[in-house]
Amino acid sequence: MKIIGGISIFLLTAIMLLQVSWLNSMRNTKLHEFQEKSSSLLQRSINDFLDAEFMYPQHTFSCSMLDNHIFHWKDTSVHISSPTEFHFMLQQVLYDHLYKNQLLNLQRLDSIYKQQLSRQGITDTPVLYLKNEIDETILQTHAQSTHRTVRTNPVKVGYEYKHTIVALFHKPPFFHDTFWHLILEFIFLGSFTGCLLWQLQMTKNKLQTAKIQSMGIAHLEHELRKPLATLINITHDWIIQEKPSDKKILELIHARLLKISDVTEMMLFALKQDELKIERTPIDIRQELETTVSMFRLLKKHARIDYQIREDINQPLLDNVYFSCVVANLIDNGIKYNKNPKPEVRIYFEKEAGNWILRVEDNGIGIPSKAFNRIFRQFYRIEDKRTYSKTGFGLGLAFIKKVTDAYKGSITIKSIQEQGTVFTIKFPCI
């Protein structure tokens, strides 16, 4: 079990780590793509901005081309080899002119850049920074918010000033999605691992409980079967040897011991089964209750045991194997857990709303309400000083619950401390 659990956690962890690695790789790829696109658009926007600035007549700016190979501006002459280089030099010296004369309009560049971004489906609002050679900010379009972390590649501008322009963005939605996805992945992994460990622990506890129960039932078999068999053999021998006047009593005792032995065998068999199968048959309910009650009257002469059956009930469709065992267990509990010198147990059998109702009342010590949901567990006994001296294995009510479940019935309990308990069992009619 531990090996299977360990393998499950290892495989799930490996899958999660691979997925996290894949998401991280995709995230880096998307980040690189975004930076490349936004950097390219920034370069294009700067070119468009400078071209537009060149057309403004108020800029007193002039340059010339000498012999088609020399770009001349003020005292500067640069050798060029193509019209592209001329255009590049023109933009660089124009930038120097704008910056030197405080004519550089970074807000206008920002507007052009936003238009370029919008055409590409990028709706984020960037912050533009103009930086000098030592990466100090000279100008910026507006105040930076602290969560802008995606930065474009710097675009060089100016021939003499050697400035750069960069843009800072918020993280694209994709990054937020992957972040929360990773968080959910780790939460899922932690939850799954916790549930798996909990399940393994519960299974371990159940296996240990089953082992203890199996050992307990085996011990119960040893404690009950041998003494009962011995008593049955002894009474059988006494019947043969005793006088005719004592023979009737011994025969009655012998019959009752055989009945107890049968009840014990049925209980042990039922408790070993995961699910009982009930074979319903018409039973003589008066004879069943009379036989069971008379057995206890003989063995527990100090107790008062009565039963009452509604007059119109004759042969309910129950079973002739487990039903009498249920009645016997409830009577035995009512007498055993009782401090009165004359315990009283009353049995009622009636029909109500499509159910056969068996109700057993006693005047015993009662059951604490907090134990109602636990008394039907195998080997459970109430921790109470009043029950320490009472012999038992904690199997009687577990057997009753199993039989009731086999009938698809229900059990309810009403109990008052030191006044008594009422067990009401409903067996659905067919």
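A salt bridge here is a Lys or Arg side-chain nitrogen within 4 Å of a carboxyl oxygen of Asp or Glu. These close-ups come from a predicted model, where local features need pLDDT of at least 70, side-chain atom pairs count only at pLDDT 80 or more, and totals for chains, interfaces and linings use all residues. Residues are numbered from 1 along each chain as its sequence is written, and side-chain values use heavy atoms, with hydrogens and water left out.

**View A. Glu 361 pairs up with Arg 359.** The two side chains form a salt bridge at 3.2 Å, N to O. Glu 361 counts as buried because its relative accessible area is 17% (buried is under 20%, exposed over 50%, partly exposed in between, using a 1.4 Å probe and protein chains only). Zoom out a bit and both residues belong to a salt-bridge network that also takes in Glu 344, Arg 346 and Glu 350.

**View B. Arg 304 meets Asp 306.** This salt bridge spans 3.0 Å, N to O. Arg 304 is exposed, at 52% relative accessible area, while Asp 306 is partly exposed at 29%.

**View C. Asp 135 reaches Arg 151.** Here the N to O distance is 4.0 Å. The partners sit 16 residues apart and tie together distant parts of the chain: Asp 135 lies in the loop between strands S4 (127-131) and S5 (137-140), and Arg 151 in strand S6 (residues 150-151). (Helices, H or I, of at least four residues and strands, E, of at least two are DSSP runs, numbered from the N terminus.) Both ends are partly exposed, Asp 135 at 47% and Arg 151 at 36%. Across the model, the salt-bridge count comes to 13.

**View D. Inside the largest nonpolar core.** A nonpolar core is a set of buried Ala, Val, Leu, Ile, Met, Phe, Trp, Tyr and Cys residues joined through side-chain atoms within 4.5 Å. Among the elements giving two or more residues are helix H7 (323-336), strand S12 (344-352) and strand S13 (355-362). H7 supplies the largest share, 8 residues.

**View E. Leu 330 and its neighbours.** Skipping residues up to four places away in sequence, Leu 330 touches Leu 358, Val 360, Leu 397, Ile 400, Phe 423 and Ile 425 (contact means heavy atoms within 4.5 Å). Elsewhere, a second, separate core of 24 residues includes Leu 109, Leu 128, Leu 130 and Ala 167.
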